[in-house]
Amino acid sequence: MKSVGFIGWRGIVGSVLLQRMIKKNDFNKIKVTFFTTSQFNKYFPLNIKNINKTLHNAYDIEQLLLLDIIITCQGSEYTNKIYYKLRQKGWQGYWLDAASNLRTDDNTIIVLDPVNLDLIKEKIDIGIKTFVGGNCTVSLMLMALGGLFKKNLIDWIFVSTYQAISGAGAKYIKELLLQTNFLHENITDIIHSNKFNILEVEKIITLLLNNKEFPQQYSTIPLVNNVIPWIDKQINNGQTKEEWKGQFETNKILNNKNIIPIDGICVRVPTLRAHSQSFMVKLNKDLSIKNIEDIIQSHNKWVKIIPNDYIYTTKYLTPCAVNRTLNIPVGRIKKLNIEKNCFSMFTVGDQLLWGAAEPLRRMLKLLI
Ligand code: NAP
């Protein structure tokens with residue numbers, strides 16, 4: 001039985017991974033040790049059969065060296081501190097990571113097995129030991145468009161994302177909820193009064209958003225009643241880092257020698273969990289809508305074509321419809337007036353499952 005160290009199980013990605021592993025009975029197949037960077041004198045809080053509840057120090061290099069596999073959802077800072085020290089000491093174990101900093105390293109593979117299982121197996125065989133989960137929107141896009149990529153039908157992609165607040169981490173979810181609550185507390189009487197006037201309420205909300213009591217510990221602008229067309233830091237070509245990842249990570253996952261151009265605008269919206277994305281895709285041939293749908297549908301069992309009508313779209317193609325599921329609905333597929341080989345498409349996916357925890361869980365399963 002492989003000995004596995006689990007770091008970052010308390011965070012938002014780690015706790016989704018933990019839930020999935022419990023649900024799929026993965027802990028029966030490994031000898032797991034839970035680590036912490038802060039809860040040293042505490043015990044692992046859940047009851048899982050046959051696990052040792054003592055929490056170990058995640059900075060204890062000697063203890064980490066004893067492990068066959070380390071799976072971490074702790075974040076880039078932890079990875080930077082520990083990963084290179086372990087490798088310098090000759091540690092030969094497998095390192096599985098949710099953080100982004102090792103994705104650009106030549107000796108790592110970005111894992112998304114429904115899309116790149118053959119590549120993963122090939123790299124395991126030649127001794128690659130570091131496997132990293134991909135960016136959430138990239139993984140969700142590949143789950144949706146995998147069939148078209150596999151058949152080499154894509155010339156380029158432009159994407160506009162609608163990314164949930166969970167992508168920014170637990171503290172931003174809390175801030176959004178505190179902001180919502182602040183507005184609610186201050187307008188409840190007005191909403192329920194007989195003198196309700198929508199323009200008056202809107203004016204009050206605008207004033208509240210600028211009130212110095214408005215909860216804003218982490219965000220510099222309101223998260224509620226807002227969309228923010230900027231995610232992550234600026235890079236020197238006008239893109240944000242999040243937008244840059246689209247082309248880099250997609251082509252790395254697909255192991256492409258000829259780079260497929262991908263660009264777009266990444267936008268934070270005040271939904272909680274699932275990400276949405278709107279695409280313009282240029283194909284290298286003129287395929288019918290039926291053809292495009294068949295190719296997309298046949299790629300994996302999670303992708304679901306949603307008919308391009310109001311009822312199906314509003315029922316199945318929204319964040320509320322996919323939260324906490326592995327479904328990847330794909331809809332609004334239509335040819336564009338702009339160019340005959342271009343089509344539009346909208347997709348939604350749970351960014352904590354296929355976007356973060358699930359590819360890592362499946363990679364761990366592959367190794368054990
Ligand atoms: P997070 O929720 O901020 O958790 C990270 C760590 O913070 C936890 O493991 C925990 O470590 C510590 N922590 C401190 N106070 C906590 C509290 N009150 N509740 C829970 N944990 C607390 O981080 P994350 O969003 O899961 O991201 C982890 C990594 O995955 C990052 O590198 C991120 O970039 C990457 N990632 C995130 C997403 C996403 O959607 N959020 C998607 C893909 C990849 P200790 O137990 O050791 O204190």
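Q: Let's start with the largest cavity. Which element gives the most to its lining?

A: Happy to begin there! This is a predicted model, and in it strand S9 gives the most to that lining, with four residues. The elements with two or more residues there are helix H5 (136–150), strand S8 (154–162), helix H8 (241–253) and strand S9 (262–265).

Q: How should I read the word "cavity", and how many cavities of 30 Å³ or more are there?

A: The idea is a space where a 1.4 Å probe fits but cannot get out. Counting those of 30 Å³ or more gives one cavity. About 110 Å³ of space lies in the largest cavity. Its lining has 15 residues, and Thr137, Val159, Gly246, Ile262 and Gln277 are the closest to its centre.

Q: What is the class make-up of that lining?

A: Here the lining of the largest cavity splits into six nonpolar, six polar and three charged residues. One caution on reading such counts: Gly is placed with the polar class.

Q: And what volume does the largest pocket have?

A: A pocket, unlike a cavity, is an open set of points. The largest pocket in this structure has a volume of about 1400 Å³. It is lined by 50 residues, of which Ile12, Ser166, Gly167, Ala168 and Gly169 are the closest to its centre. Elements that each supply at least two lining residues are H1, strand S2 (30–36), helix H6 (170–192), H8 and H12. By class, the pocket lining holds 20 nonpolar, 21 polar and nine charged residues.

Q: Where does the ligand sit?

A: The space taken by the ligand is the largest pocket. Helix H1 (12–23) and helix H12 (353–367) are the elements that give two or more residues to the shell around the ligand. That shell counts 21 residues, and Arg10, Val13, Thr37, Ser38 and Gln351 come nearest. Its residues divide into seven nonpolar, 13 polar and one charged.

Q: Which atom of Thr37 lies 2.6 Å from a ligand oxygen, backbone or side chain?

A: For a polar contact, look for N or O atoms within 3.5 Å of each other. With Thr37, a backbone N or O atom is 2.6 Å from an oxygen atom of the ligand. Ser38 uses a polar side-chain atom, 2.4 Å from a ligand oxygen atom.

Q: What share of the ligand's accessible area does the protein cover?

A: Compare the ligand on its own with the ligand in place. On its own it has 890 Å² of accessible area, and the protein covers 71% of that.

Conventions:
Residues numbered from 1 in each chain as written. Predicted model: local features only at pLDDT ≥ 70, side-chain atom pairs only at ≥ 80, totals over all residues. Heavy atoms only, no water. 1 Å grid on protein atoms, 1.4 Å probe; cavity = no way out; pocket = protein on both sides within 12 Å on 5 of 7 lines; lining within 4 Å. Points joined across faces, edges and corners; volume = space filled by probe spheres on them. Near = heavy atom within 4 Å. Polar contact = N/O pair within 3.5 Å; in protein donor to acceptor, adjacent residues only side chain to side chain. Areas by Shrake-Rupley, 256 points an atom, 1.4 Å probe, with all protein chains shown as cover. Sits in = over half its atoms within 2 Å of the grid points.
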